[in-house]
Amino acid sequence: GSGAEAVHETVDALNARGEKVGVIKIRLYRPFDVARLVAALPASTKAIAVLDRTKEPGSAGEPLYQDCVTALHEASLAVLPRVVSGRYGLSSKEFTPAMIKAVFDNLAQPHPKNHFTIGIRDDVSHTSLDYDESFSIEPANVTRAVFYGLGSDGTVGANKNSIKIIGEQTEHYAQGYFVYDSKKSGSETVSHLRFGPQPIRSTYLIEQAHFVACHQPVLMERHDVLEVIEPGGIFLLNTPYGAEEVWAHLPRRTQQRILDKKLKFYVINADRVARESGMGKQNNTVLQVCFFAIADVLPRDEAIAAIKESIKKTYGKKGEEIVQMNLRAVDAALAAGDAAALFGAVESVIDAGHDPRRFATDLLERFRDLIVLQAVPDAAARGVVEAPEDELDKMRSQAERIGTATLTRFAEVV
């Protein structure tokens, strides 16, 4: 059923910690295969929890539970396991590893609760199981990202494209789940993305994200967008305010989250970059570039090349002008990100007591020398670039590693 993969994931994690638990997935309910159900049960089975995603008031039990009890009794087993019934996912509630662990913990009791409910608080008949909401089995090698946007702003489309890029360009598995209102256009959207080296069985929303992006600053007033980010995570905000003034415009709740969790905070005026690139209000390409540039999902140059290739495939039928607008938006987004990084570098220079104007001049001269060495290999012999031989070797290595296009862009930013 809909909870089978989450149970599978949790069983693997619990068994790795020394537990002895298992899961049987029933993929075809009717006709019910009694023989295969009984054959799948290990001889050491002591207790079974049968989970249904339905509630049938007035019945002796939910449908799958009744069929399993009948099958086990008719199988004439030497030792009949204890069987209890449970309901999950009622009212479209989440079904998380914390809840699944609570089901196993209940089974381990001398007298486990029967006909229980997990995931909602039943304050009438008191059938609920308590669970530890902080329990998590999310692997450390899985990148988890959450994006907040508005319907028709391109956030969902860009994230679907990111999943495709990572799925096709790397050996990683990719998963995306998108939450949006039935009104679609103009309503809030939340994208949950996972990328990792193993198959992803997490059929529940992200609760601990490495990366959170807020594409519409108004959403910070409505929600605690940083509630799910883990300590030390990355927060990207699309805002009209620069790095030096944005703090005063953040909600108090957001400021406190950034401080308490020691987040890496990035800002970009994606609306301005998109507008200046001819994209109008569609800032999705700009923000997609920012995600790949700072989230470290792919090597930066490899990611940008993949985005540009994807743009050509996606917008090729709409004409060369549309393709070029999107490509300009990619380059502009990179330049905007470089400018923000450079601003921080200049601040560090000032804090160290150096003259920022001298710093900029020296930096431009260095860029000029690297560009010349890239274009004219014997520039030193001609006297165009002057430096000791060991320094020239280092500069040639830097020029080759960075590339002419990136060096030129850096020089333009300075």
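Helix 5 and helix 9 of this predicted model pack with their axes 9 Å apart, at an angle of about 40°. That angle makes helix 5 oblique to helix 9, and the crossing of the two is right-handed. On the side of helix 5, the residues that meet the partner are Thr155, Ala158, Asn161, Ser162, Ile165 and Ile166. Helix 9 supplies Asn284, Gln288, Phe291 and Phe292. By class, the residues of this contact divide into five nonpolar and five polar, with no charged residue.

Both helices also lie against strands. Helix 5, residues 155–169, lies across strand 4, strand 5 and strand 6, and runs at about 10° to strand 6. Helix 9, residues 284–295, lies across strand 4, strand 6, strand 7 (209–214), strand 8 (229–238) and strand 9. The direction of helix 9 makes about 150° with strand 8.

These strands belong to an open sheet of six, in the order 5-6-4-7-8-9, and the pairing is mixed. Strand 5 (173–180) and strand 9 (264–268) each have a single partner strand, so one side of each is left without a neighbour in the sheet. From one strand to the next, the twist averages 15°.

Strands of a sheet pair through backbone hydrogen bonds, either parallel or antiparallel. Strand 4 (residues 143–150) pairs with strand 6 (residues 188–196) in the antiparallel sense, over eight bridges. Within that pairing, Thr143 has Phe195 in strand 6 as its bridge partner. Strand 8 and strand 9, in contrast, run parallel and are joined by five bridges. Leu237 stands opposite Val267 in strand 9. Between strand 8 and strand 9 the chain passes through helix 7 (residues 252–261), and this β-α-β crossover is right-handed.

The model has another open sheet, made of three strands in the order 1-2-3 with parallel pairing. Its edges are strand 1 (47–52) and strand 3 (116–118); each has a single partner strand, so one side of each is left without a neighbour in the sheet. The twist here averages 35° from one strand to the next. Strand 1 and strand 2 (residues 82–88) are paired in the parallel sense over six bridges, and Val50 stands opposite Ser85 in strand 2. Helix 3 (residues 63–74) packs on this sheet and touches strand 1 and strand 2. The direction of helix 3 makes about 145° with that of strand 1.

A further helix pair is formed by helix 1 (residues 4–16) and helix 4 (residues 97–107), whose axes come within 9 Å and cross at roughly 65°. Helix 1 passes helix 4 in a right-handed crossing. From helix 1, the contact is made by Ala6, Val7, Glu9, Thr10, Val11 and Leu14. From helix 4, the contact is made by Pro97, Ile100, Lys101 and Phe104. The residues of this contact divide into seven nonpolar, one polar and two charged.

Most residues other than glycine have a negative phi, and most peptide bonds are trans. The peptide bond that joins Arg30 and Pro31 is cis, with omega at about 0°. Pro31 is placed in the loop between helix 1 and helix 2 (34–40). The other feature is at His115, whose phi is near 55°, a positive value in a residue other than glycine. His115 lies in the loop between helix 4 and strand 3.

Conventions. Residues numbered from 1 in each chain as written. Predicted model: local features only at pLDDT ≥ 70, side-chain atom pairs only at ≥ 80, totals over all residues. Heavy atoms only, no water. Axes fitted to C-alpha atoms, helices over the stretch in contact; angles between N-to-C directions. Helix = DSSP H or I, 4+ residues; strand = E, 2+ residues; numbered from the N terminus. Left-handed = near helix turned anticlockwise from the far one by under 90°. Contact = heavy atoms within 4.5 Å. Nonpolar A, V, L, I, M, F, W, Y, C, P; charged D, E, K, R; others polar. Pairing = 2+ DSSP bridges. Right-handed = clockwise from strand over helix to strand, strands pointing away. Parallel < 35°, antiparallel > 145°, perpendicular 65-115°, else oblique.
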